[in-house]
Amino acid sequence: VTNQWFLPAVRGDIPPGCAAHGFVCDGTRILVFGGMVEYGRYSNDLYELQASRWLWKKVKPQAPSTGSPPCPRLGHSFSLYGNKCYLFGGLANESEDSNNNVPRYLNDFYELELQHGSGVVGWSIPVTKGITPSPRESHTAIIYCRKDLGSPKMYVFGGMCGCRLNDLWELDIETMTWSRPETKGTVPLPRSLHTANVIGNKMYVFGGWVPQSAGGEISAHDGEWKCTGSFSYLNLDTTEWIGLISDCHEDKSNLLPGPRAGHCAVAVGTRLYIWSGRDGYRKAWNNQVCCKDLWYLDTEKPPAPSQVQLIRATTNSFQVKWDEVPTVEGYLLQLHADLPVPSVAEIPGTGVPETSVLSSQGGSSVHQSPQSLPSVPYPEMKVDHPSQTNNKGNCNCIDFQNANWEPDTSRNTIHPQNVGEINVQVSFSSNSLLKVEEKEKIAAPENKITQETMRNHADATGFKESNAPSLLPVCTSMKTRDRQWYDVGIFKNNSAVVSQFYLLPEEILSVSKKMESADVPDYRLLKKQDLLPGTVYRFRVAAINGCGVGPFSKISEFKTCIPGFPGAPSTVKITKSVDCIYLSWEPPASPSGNILEYSAYLAIRSTQLQENPSQLVFMRIYCGLKTSCIVTAAQLSNAHVDYTSRPAIVFRISAKNERGYGPATQVRWLQ
C-alpha cells in the first residue's frame, strides 16, 4: 500500500463529469446514475465501470412495464441490495432550459434489476404500501438486514425540500411497506448533503448543512444554515440515536474532520473513510473551499488474527507470520516460554538497536519514542468489544480532551487510541488506505505439527520422537495456567523474525497480573532475553487499530532447533500442471552436515481428523535426495482441505542428516 492516489487509464463510454449523482459498488463494477452534467443540465443516464479492466459502458435499461423511466435528476439516493438498486427522490428541473431552473422535488421510487457480472435488465416501479416519504433531495438512504430476522429494510434520513429535514423513514423491501419508526435518543439536526453508512448494526451520519441556530424550528426557505462536523449513529436494532460529536462542538486543535457538506464516505470492514467535501463556512458558493483531506474512523477493535504460523526455525530464532487483518495499524506479538525466565536483575541488559528487526517481507517492528508511544490498554488485560448499550443519564458526546483525532501524515506510525467508556471508541486519522490481499497460489510456509504427525514421521523414517529437534504440536486450546506473556514487539506487517523478547519490570508484571490497564511499555527501557536452543515457545498475536488492542489469536507452539540437526528446507514452490503438481524447495540454510535425504508429506483425510480437526494426519509422498517431487492427481484426491483460515492443501518437507530429521517446513497451497 502506497497511500497515494492514482488516475487509472479508463476507456470505453467515458461519462461526462457530473455532480450529485447516484453511485453504487457491486463487487468490481460501479454503477453511476443521473446527476448534474455540463452546462447545468440534469441527467438520467446510467453508466457502468468494470473496475477490474477500467472499462466504462453506457447501459440502457428497459423501461418499466407501467409508467415512465426515471426523469433526469440530481441529489437522489441510489442503494444496492442483492441484485437490485433502489432509486428514491431527488431534484428535477421543470424547465427545459437548463439556465432557467424551476425546481421540483421528487419522491418517486424505482427498482433497477442488475444482470450478474455486467449489464442491467430494466427499471420497474414497485407498488408500495403505507405513507410515502415527502419529496426531497440530498438525503441519504441505506439498506440494512438483521442477521436473525433476515428482512431487508431501507432507511431514508433527512434531505432538502425548500427547508432541511431530519425525519427517518423505513421501507420493508420484502413487503414494500413504508413506515416511520419511533426513535429514542436525540435526533440529529435537520440536514442535507450529509453521508450515512452502515457498519454492523449502526448507521453513521456525518456532516452536512444544518440550521445556524440550534434553537427553535427553522422552516424559512432562506433560513441561516451552516456546515457541520457533527457525528451520530442510529442503532438500527433498537432505533436509538447516539450523538458522538455535537453540532456545537468546537475543535480548535484540528484533531477532528472539519465541518463539511457534499463529501463522500465509505465503509471498509469496520472502518469509515471520509473524503473531501465543501467547508461551507461562508454561504456564498464562490467563497466555499473544497476540502482535500482523507480521514478514517475505527468503530471497534479489530478481530483476532489467525494463529501464528512458523516459516522457519533455527537454534535461536523463529521466522513467523499470520494472516493479515484488514484496516489495522499493526500487530502485538507475544510469547511464553516453557523455561523459567530469569528475573530482570539476572540479565545483562542490551538496548534496543536503532535498526529495527526486519520481517520476512521487508517490514520492521515499530519502535517509538516515549513521547509518541501509543496509549494502548496492556494486552494482558481483558479486552472487550465496545459496549452495545449506552448508560442512561450519561452525556452521549465524547470528551475530546482525551481523544487523539489526527491526520495520519506519517505513513508508518501507529495511532491506537483509548477514548473512554463510550459505545463506539472514536479516533479519526487521515491518509491511510487498506491493504488489498493478493490472490497468490503459493502461501508463505508455516509449521503446525501434531503429536500424530510426529508419530507418523518417526514410523516412516525410523528416528525416535525424542530426537525430533524442533517442533511440537500446535495447541489450539491451551489450559489456562498461571504464566506470563512477554512482548516480542509491535509489528507493522503480518510477519516477524523472533530472536529475543522483552522482560518487563516487576511493577508492570504485578499490574498485568491484576488485569488492570497499563500503557504499552517503552521497549527501549526494557531488558531483552534471547531465545534458547531446543526450547518450546508459545505464541499469540493481536491486531491494533484506533480503538486499541483486539483479542488475541489462538495459541501456537514451536520449538527451537537442537544444534546438530539440519534446519528446515526453504523457498518452497508449487506449480500446477494438467494432471499433477510440482513441489520444489531449497536445502536448509544450516544443514549441520551432509543432507542424506528429504521427505515430503501430504495432509490426508482420515476419521481421526473428523474427531479432532486440529490434528492433521500426513502421508509421505516422497523420500529421496532430490529437492523436488511430483504429486499425482491420485495422491491429491486423498488430500485434506484445511479451513483454519482460507481453504488450503497442506504439505510438509523436512531434511535428514547424520543425526536425524530436522524441523519440517509446512506449506498451505491455497485452493
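How many residues lie between β18 and β19 in the hairpin that they form, and which residue in the turn has a positive phi? Four residues lie between the two strands, and T239 is the turn residue in question, with a phi of about 50°. The model is a predicted one, in which local features need pLDDT of at least 70 and side-chain atom pairs count only at pLDDT 80 or more, whereas totals for chains, interfaces and linings use all residues. Residues are numbered from 1 along each chain as its sequence is written, and side-chain values use heavy atoms, with hydrogens and water left out.

Strands here are DSSP runs of E with at least two residues, numbered from the N terminus, and two strands pair if DSSP finds at least two bridges between them. By that criterion β18 (residues 231-235) and β19 pair in the antiparallel sense over five bridges; F231 has I245 in β19 as its bridge partner, while L234 stands opposite W241. Strand β19, which covers residues 240-245, is mostly covered, as six of its six residues are buried, where buried means under 20% relative accessible area, exposed means over 50%, and partly exposed lies in between (1.4 Å probe, protein chains only).

Another open sheet has three strands in the order β23-β24-β29, and its pairing is antiparallel. Its edge strands are β23 and β29, each of which pairs on one side only, and the twist averages 20° from one strand to the next. Between β23 and β24 there are four bridges, and R312 has Q319 in β24 as its bridge partner.

The largest nonpolar core has 26 residues, and those with the most contacts inside it are F318, V320, L333, V498 and F539; such a core is a set of buried Ala, Val, Leu, Ile, Met, Phe, Trp, Tyr and Cys residues joined through side-chain atoms within 4.5 Å. Among the elements that give two or more residues to this core are β23 (309-313), β24 (318-321), β29 (495-498) and β32 (536-545). Leaving out residues up to four places away in sequence, V498 touches, among others, F318, V320, L333 and F539, with contact meaning heavy atoms within 4.5 Å. Apart from this core lies another, of 23 residues, including I581, I595, V631 and A655.

Two loop residues show contrasting surroundings. D279, in the loop between β21 (271-275) and β22 (294-298), counts as buried because its relative accessibility is 15%. Leaving aside neighbours within four places in sequence, D279 is in contact with C227, P259, R260, Q288, V289 and C291. I131, in the loop between β9 (120-124) and β10 (140-144), counts as exposed because its relative accessibility is 65%. With residues up to four places away not counted, I131 touches W169 and W178, and the C-alpha atoms of I131 and R180 are 8.7 Å apart although 49 residues separate them in sequence.

Terms used:
Axes are lines fitted to C-alpha atoms, for helices over the stretch in contact, and angles run from 0 to 180 degrees between N-to-C directions.
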